[in-house]
Amino acid sequence: MTALTIDRINKRYGNLHILKDISIPIAQGEFVSLLGPSGCGKTTTLRCIAGFERPDDGRILFGNRDVTRALPEQRDIGMVFQSYALFPHMTVAENLSFGLEVRKVSLPDRQRRIADVLAMVRLEGYDKRYPRELSGGQQQRVALARALVIEPSVLLLDEPLANLDATLRDEMRFFIRDLQQRVGITSIYVTHDQAEAMVMSDKIVVMSAGAISQFGSPRDIYERPASQSVAGFIGRSNTIAGKIAEALGPDSYKVDTPCGSIGTTGPAGLAKGAEVKIMIRPENIDTRRQGTGETGDNDNVLAGSVINSVYQGSANQLAVRLTSGDRMIVDVNGRNPLDIGEQVALRFAARDSWVLAS
Ligand SMILES: Nc1ncnc2c1ncn2[C@@H]1O[C@H](COP(=O)(O)OP(=O)(O)OP(=O)(O)O)[C@@H](O)[C@H]1O
């Protein structure tokens, strides 16, 4: 069932077109991230869903209910912000009680729900503390508890981990995802951190300049990016320019490139002669000294020489200049003794490369 439908919303400030025909269907219990660089419209989209902004056109539905014109308090949402936004003069319990009192929940029910939600965020016994007596991570867990205690149908989170240090951020990613799955609440999460979106989400909406570049699972977005800009934004990638020589199947092609003919997968329907780029992730390339180590399962072999090597602990990252002049980044085992200047063969399977049509 679709819990939330964003249907072709547009938003302009003066003559700035900030959101352009944004449509996102979100299923019950799904965790969806809005991902993109600063200024691409993530927060504006979230604020339209929350009701703090009204789109110029288009519709927002919670289930079958059209809430496009409803006030925030009529929408049944819980929100978590980057800045925690806890009431500083209230204890944890009072912060949590506030939304319940507004909703006229009885005292015994309030007490039960506050105890339940504090257990959920692993802050039992912290009810009498003030926000200033808590660490950043604990404050953010209170903010999460405050959003959840009102039992909303949708949870909206705007960069909630941005103020935390790297270790705590890692921990909180798993904490929030685990909690969201236990509660089963439909959630929308704004972030500009691709690693965060990858590990937390069922689906990712990649946004750029107010429009959706791609909507799909983390695997879709990583392995089958819709464009060069998505491929470049998510993870590391290599690209080689070429022209479609022939379609080998519904989603496989032979592409002519300055490095020779390359077999690859790609989106259906690309015409012969179309100018494209082939994307290959560094970890999918098997790099050996030339003339050694035939692996059999690789459809493509490119020749080049090592021009740089960076030790990264678990792996070495090499830069390789192909005979065509293209520069490729590849990962090799940290103990692999490939030196700068060595002639190497780069092998990869057609299924591990993907055509970017734009
Ligand atoms: N009230 C406003 N008036 C005019 N322009 C605005 C207003 N609010 C946002 N904008 C502009 O809309 C664009 C999108 O802003 P938004 O906050 O949605 O981006 P974002 O993707 O969330 O960025 P960030 O990651 O930096 O928060 C920006 O160019 C911003 O300057």
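The legends below describe close-up views of a predicted model.

Residues are numbered from 1 along each chain as its sequence is written. In this predicted model, local features need pLDDT of at least 70 and side-chain atom pairs count only at pLDDT 80 or more, while totals for chains, interfaces and linings use all residues.

Figure 1. The protein chain has eight helices and 20 strands; helices (H or I, at least four residues) and strands (E, at least two) are DSSP runs, numbered from the N terminus. Its C-alpha atoms fill a box of roughly 75 × 45 × 35 Å, taken along the principal axes. Five residues of domain 1 are in contact with five residues of domain 2, where contact requires C-beta atoms, placed from the backbone, within 7 Å. Of contacts in the chain between residues at least 6 apart in sequence, 64% join residues at least 24 apart. UniProt, in an unreviewed entry, places the feature "domain: ABC transporter" at residues 4-234; UniProt positions are given in the numbering used here, feature names are shortened, and annotations may be inferred rather than shown by experiment. This span is 37% helix and 27% strand, and its end C-alpha atoms lie 26 Å apart.

**Figure 2. The largest nonpolar core.** Such a core is a set of buried Ala, Val, Leu, Ile, Met, Phe, Trp, Tyr and Cys residues joined through C-beta atoms within 7 Å. A residue is buried if 20 or more other C-beta atoms lie within 10 Å of its own, exposed if 12 or fewer, and partly exposed in between, with C-beta atoms placed from the backbone. By this criterion, 36% of the 358 residues of the protein chain are buried. The largest core holds 83 residues, and A145 and L156 have the most contacts inside it. Helix α4 (residues 136-149) gives the most to this core, with seven residues. Because domain 1 (2-229) and domain 2 (236-287 + 297-356) both give residues to this core, it lies between them. Residues up to four places away in sequence aside, L156 touches L46, I49, A50, I77, M79 and I188.

**Figure 3. The ligand shell and helix α1.** Around the ligand are Y13, L16, I18, G36, S38, G39, C40, G41, K42, T43, T44 and H192; a residue is near a molecule or strand if its C-beta atom, placed from the backbone, lies within 6 Å of it. Both β2 (16-27) and α1 (42-50) supply at least two residues of this shell. Helix α1 gives the most, with three residues. The buried residues of α1 are K42, T44, T45, L46, C48 and I49. Just after α1, G51 has a positive phi of about 95°.

**Figure 4. Strand pairing in an open sheet and a hairpin.** Two strands pair if DSSP finds at least two bridges between them. The open sheet consists of four strands in the order β2-β1-β4-β5, with antiparallel pairing. Its edge strands are β2 and β5 (65-66), each pairing on one side only. Strand β4 (residues 57-62) is joined to β5 by two bridges, in the antiparallel sense, and L61 stands opposite D66 in β5. Elsewhere, strand β12 (residues 252-257) pairs with strand β13 (residues 260-265) over six bridges, also antiparallel. A hairpin connects β12 to β13 through two residues, and S252 stands opposite T265 in β13.

Figure 5. I221 counts as buried because 27 C-beta neighbours lie inside 10 Å. Apart from neighbours within four places in sequence, I221 is in contact with I204, V206, Q214, G216, V230 and I234. The C-alpha atoms of I221 and A231, ten residues apart along the chain, are separated by 7.9 Å.

**Figure 6. Positive phi at D76 and E151.** Most residues other than glycine have a negative phi. D76 has a positive phi of about 65° and lies in the loop between β5 and β6 (77-81). With 16 C-beta neighbours inside 10 Å, D76 counts as partly exposed. E151 has a positive phi of about 50° and is found in the loop between α4 and β7 (154-158). E151 is partly exposed, with 15 other C-beta atoms within 10 Å.

Terms used: Domain bounds come from an automatic or database domain assignment. Two residues are in contact if their C-beta atoms, placed from the backbone, lie within 7 Å.
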